[in-house]
Amino acid sequence: MPVSDDQHPSGNSVPGQGSVARPSVAGGVPDPVFAPDPHAFGSARQLRPRGKVLPEHARGHNRSLVLQTLYHAGAMSRADLSRVTGLTRVTISDLVAEFIADGIVVEKGIRETTGPGKPPILVDIDRGGHRIVGLDLSGPGVFEGALLSLDGEVVVRREVPRPEGGEAAYEAIRALAEDLVGLSEVPILGVGVGAPGIVRPDGVVLSSPNLGWTDFPLERLLGAALDLPVLVRNDANAAVLAEYTFGAARSDMLLVKIGRGVGAGLISGSQPLVGSRYAAGEIGHVVVGTDGGPRCVCGKDGCLEAWLSATNLRARLAEAPDDDARDGVLRDAGTRLAVGIAPIVAALDLSEIVLSGPAELLDGILLDATRATLHARTLAGVFDDIVIRLTAQEDIVLRGAAVMVLSGQLGVS
């Protein structure tokens with residue numbers, strides 16, 4: 001039950017970009033009882049809060065609830081908002097006035113009506129009033145970046161060559177981010193970064209061999225350089241947020257991201273799983289099988305990444321002498337993937353597996369082998385209906401970075 005709150009503390013602001021609402025806890029959204037806006041984002045895909053809402057958090061909860069409702073349902077009147085959220089009309093009027101002053105919500109005109117009385121004024125998220133900077137550091141040869149709309153659509157795209165790592169990698173990332181910030185004609189809501197490796201919740205990259213970083217405070221350094229809110233997360237964890245928010249993902253799912261490396265993001269009960277060591281989903285260096293296998297960059301033989309990464313797959317396909325051998329490479333990779341994820345599926349009772357990576361490698365033989373092996377290695381009659389598919393999304397890490405900012409700054413997911 002939403003908590004009514006008639007107090008009026010001031011909102012937090014985005015450094016250097018004007019005042020922007022920053023609720024702390026995302027809330028649930030009941031099914032709408034009005035005709036939805038056809039241009040709205042779609043049905044609510046909020047992440048479930050971890051615990052009950054305490055009185056001192058009520059204001060942030062209610063702010064998030066209103067913004068979440070507008071983001072997914074589109075323009076509606078203040079009376080609609082009160083009815084859908086369960087908040088009082090006084091609270092809704094107070095919050096909407098605050099959002100309009102912050103530049104997050106705008107009035108969209110009146111709704112046509114044939115009944116008596118004053119036509120209601122519609123309000124909505126100002127979807128063109130801010131941009132989000134997204135960075136994807138997981139590519140094999142370049143760092144990708146984009147200016148994105150609040151709906152996660154790429155407006156401007158840039159990329160820079162990927163240095164070997166260390167300080168040079170950071171300088172390239174900083175320059176790319178500064179370039180994108182400078183291209184925006186409207187305020188920047190925040191910067192989201194998807195980085196390979198193990199990333200702590202405060203944006204410290206604990207370990208990223210591909211970037212040559214250990215205990216690297218990327219979030220703090222980039223935030224200070226840009227004077228903007230910055231959120232840094234693992235690239236696969238960013239990708240799973242994009243699939244959950246913008247895609248058709250279920251509330252219990254595993255997304256396996258296959259590129260230069262192999263990683264996974266997890267959603268269970270509509271809640272992202274990170275783990276006590278911030279390494280949930282680090283499946284790339286799990287050895288799949290007892291028959292050895294190709295040498296991995298980590299020094300072990302037979303890691304999933306050695307079988308499945310796009311770089312290694314392409315190299316093995318290039319070495320295959322004929323079509324049958326190439327089919328065997330793909331079939332073997334799909335089988336190894338299923339071996340690696342079957343225990344995860346069973347332990348967490350997942351409903352869906354989504355693969356993100358080069359479709360020319362993953363679709364067809366590899367995907368079919370994954371399905372067949374996963375069904376063979378899980379309990380018959382229990383996991384027969386599990387969905388295994390490719391994502392339909394492009395720029396999934398960049399869009400996930402946008403979700404990170406929306407969640408962190410507005411409480412919207």
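Q: Is Cys-296 buried or exposed in this predicted model?
A: To call a residue buried, its relative accessible area has to be under 20%. Cys-296 comes in at 6%, so the label for Cys-296 is buried.

Q: Which cysteine holds the sulfur closest to that of Cys-296, and how many disulfides are there in the structure?
A: The closest cysteine sulfur to Cys-296 sits in Cys-298, 3.8 Å away. A disulfide needs two cysteine sulfur atoms within 2.5 Å, so that pair is too far for a bond. Cys-298 has its own closest cysteine sulfur in Cys-303, but at 3.6 Å that is too far for a bond as well. The cysteine is Cys-298, and the disulfide count is zero.

Q: Which element supplies the largest share of the largest nonpolar core?
A: That core has 44 residues, with Val-66 and Leu-406 among those touching the most other members. Several elements each give at least two residues, including α1 (58-73), β7 (142-148) and α12 (396-410). The largest share is nine residues, and they come from α12.

Q: How many residues are in the second, separate core?
A: In soluble globular proteins, nonpolar side chains tend to be buried together. Here, Val-256, Val-262, Leu-367 and Ile-388 are among the members of the second core. Its residue count is 34.

Q: What percentage of the protein chain do buried residues make up?
A: The chain has 12 helices and 18 strands. Out of its 413 residues, the buried share is 51%.

Definitions and conventions. Residues are numbered from 1 along each chain as its sequence is written. This is a predicted model: local features need pLDDT of at least 70, side-chain atom pairs count only at pLDDT 80 or more; totals for chains, interfaces and linings use all residues. Side-chain values use heavy atoms; hydrogens and water are left out. Buried means under 20% relative accessible area, exposed over 50%, partly exposed in between (1.4 Å probe, protein chains only). Helices (H or I, at least four residues) and strands (E, at least two) are DSSP runs, numbered from the N terminus. A nonpolar core is a set of buried Ala, Val, Leu, Ile, Met, Phe, Trp, Tyr and Cys residues joined through side-chain atoms within 4.5 Å.
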